[in-house]
Amino acid sequence: MTLEERIMEDLKDAMKNKDEAAKRGIRAIKAAILLAKTDGSGEALNEEKEIKLLQKLVKQRKDSLEIYEKQGREDLAVVEREEIQIIEKYLPKQLDEAELEAILKKIIEATGAEGVKDMGKVMGAATKELAGKADGKLISQVVRRLLI
């Protein structure tokens with residue numbers, strides 16, 4: 001079952017159950033898929049692109065959540081948290097920091113990185129290997145910590 005088919009089934013269920021948070025999150029995913037399919041590139045949505053699309057949606061909401069929390073707008077922050085939770089259900093299981101650190105140590109060893117000046121080399125390899133499994137910001141923080 002493709003992501004689009006799963007989304008349609010889950011949207012029907014959310015509508016039947018009158019789950020407003022699920023409807024908002026799923027409709028956001030549906031809209032993003034539609035935009036990606038009609039962007040003019042002519043490329044089909046494969047699993048890798050679907051994961052990137054979902055990660056982008058989560059990142060946008062996390063950025064908004066951070067702003068709302070700084071401004072004390074808990075009413076808007078709640079909406080963002082709900083949507084993040086819904087969208088993350090469609091992403092592969094995320095690595096925890098300990099698992100991520102173990103993988104990054106192997107990548108650092110394989111690339112021969114010796115300091116922060118080699119961070120770009122490590123990040124390039126890490127983002128390819130960990131696509132969809134960890135947040136880019138977290139990868140960057142752990143790599144920096146390991147290289148210092």
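**Reading the helices of a predicted model**

Biologist: Which residues of helix 3 are buried?

Modeller: In helix 3, the buried residues are Glu50, Ile51, Leu53, Leu54, Leu57, Val58, Arg61 and Leu65. Buried means under 20% relative accessible area, exposed over 50% and partly exposed in between (1.4 Å probe, protein chains only). Helices are DSSP runs of H or I, at least four residues, numbered from the N terminus. This is a predicted model, where local features need pLDDT of at least 70 and side-chain atom pairs count only at pLDDT 80 or more, while totals for chains, interfaces and linings use all residues. Residues are numbered from 1 along each chain as its sequence is written, and side-chain values use heavy atoms, with hydrogens and water left out.

Biologist: What covers those buried residues of helix 3?

Modeller: The cover includes helix 1 (3-17), helix 2 (20-37) and helix 4 (74-88).

Biologist: How do I read the packing of helix 2 against helix 3?

Modeller: Two packed helices are described by the angle between their axes and the distance between the axes. Here, helix 2 and helix 3 pack at about 130°, with axes 10 Å apart. That makes helix 2 oblique to helix 3 (under 35 degrees is roughly parallel, over 145 roughly antiparallel, 65 to 115 roughly perpendicular, the rest oblique). Helix 2 brings Ala28, Ile29, Ala32, Ile33 and Ala36 to the contact, and helix 3 brings Leu53, Leu54, Leu57 and Arg61 (contact: heavy atoms within 4.5 Å).

Biologist: And how do helix 6 and helix 7 pack?

Modeller: Helix 6 (residues 119-129) and helix 7 (residues 136-147) pack at an angle of about 140°, and their axes are 10 Å apart. The two, helix 6 and helix 7, are therefore oblique to each other. From helix 6, Met119, Val122, Met123 and Ala126 meet Gly136, Ile139, Ser140, Val143, Arg144 and Leu147 of helix 7.

Biologist: What sits at the two ends of helix 3?

Modeller: At its start, a side-chain oxygen of Asn46 comes to within 2.8 Å of the backbone nitrogen of Lys49. After helix 3 comes Gly72, with a positive phi near 75°.

Biologist: Where does Asp96 lie, and what does its side chain reach?

Modeller: Asp96 is in the loop between helix 4 and helix 5 (97-111). The Asp96 side chain reaches the backbone nitrogen of Glu99 at 2.8 Å. Asp96 is partly exposed, with a relative accessible area of 41%. From Asp96 to Met119 is 23 residues in sequence and 21 Å in space, C-alpha to C-alpha.

Methods
A polar contact is a pair of N or O atoms within 3.5 Å; within protein, one must be able to donate a hydrogen and the other to accept it, and residues adjacent in sequence count only if both atoms are side-chain atoms. Axes are lines fitted to C-alpha atoms, for helices over the stretch in contact, and angles run from 0 to 180 degrees between N-to-C directions.
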